[in-house]
Amino acid sequence: MTKYVQSEFLAEIVARFPALSLEEKAEEQAILVPDNKDLLPLMFFLKEEHDFNMVSALTAVDYKEYFEVVYFLLAMKTQRLVCIKLHVDRKSTRLNSSHG
């Protein structure tokens, strides 16, 4: 069973990535919405500092005004789950890589 992400953990992420916003927390996951330019540094931080070592799902949503790319990351050891949502402008449709 996945575990709820603690508020101290979220506070550390927000301090490290000030442009990031948090959506309402689901029961067992945090929903992070970073700027596109922060995707790779955020993914690296989550992997190296907090053991989020598995992309359990990757999907996209096609809204009228924009696309939304959604990553679900799992820390296998602690069973914590994080959701990352990126808004992609419909005109540019460019997204930075999540793999360095």
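**A close look at helix 2**

Modeller: Helix 2 covers residues 39-50, twelve residues in total, and spans 16 Å from its first C-alpha to its last. That is close to the 16 Å expected at 1.5 Å a residue. The expected span is 1.5 Å times one less than the number of residues. Helices (H or I, at least four residues) and strands (E, at least two) are DSSP runs, numbered from the N terminus.

A word on the ground rules. This is a predicted model, in which local features need pLDDT of at least 70 and side-chain atom pairs count only at pLDDT 80 or more, while totals for chains, interfaces and linings use all residues. Residues are numbered from 1 along each chain as its sequence is written, and side-chain values use heavy atoms, with hydrogens and water left out.

Now look at which residues of helix 2 are hidden. L39, L42, M43, F45, L46 and H50 are buried. Seen down the axis of helix 2, these buried residues fall within an arc of 160 degrees, so they line one face of the helix. The arc is taken from the directions from the helix axis to the C-beta atoms. Buried means under 20% relative accessible area, exposed means over 50%, and partly exposed lies in between (1.4 Å probe, protein chains only). An α-helix has 3.6 residues a turn, so residues three or four places apart point the same way. On the other side of helix 2, F44 and E49 are exposed.

Take H50 next. H50 belongs to helix 2. H50 is buried, with a relative accessible area of 14%. The side chains of H50 and E12 are joined by a polar contact of 3.3 Å. Such a contact is a pair of N or O atoms within 3.5 Å; within protein, one must be able to donate a hydrogen and the other to accept it, and residues adjacent in sequence count only if both atoms are side-chain atoms. Leaving out residues up to four places away in sequence, H50 touches F9, E12, F45, A75 and R80. Contact means heavy atoms within 4.5 Å. After helix 2 comes D51, with a positive phi near 60 degrees.

Strand 4 covers residues 66-75, and strand 5 covers residues 80-89. The two run antiparallel, joined by ten bridges. Two strands pair if DSSP finds at least two bridges between them. They form a hairpin with four residues between them, and Q79 in the turn has a positive phi of about 60 degrees. E68 has H87 in strand 5 as its bridge partner. F67 stands opposite V88 in strand 5.

Strand 4 also pairs with strand 3 (residues 54-62), antiparallel over eight bridges. Here the hairpin has three residues between its strands, and D62 stands opposite F67.

These strands are well covered too. In strand 4, seven of the ten residues are buried. In strand 5, eight of ten are buried, so strand 5 is largely enclosed by the rest of the structure.

Step back to the whole chain. There are two helices and five strands. Along the sequence they follow the pattern α-β-β-α-β-β-β. Of the 100 residues, 35% are buried.
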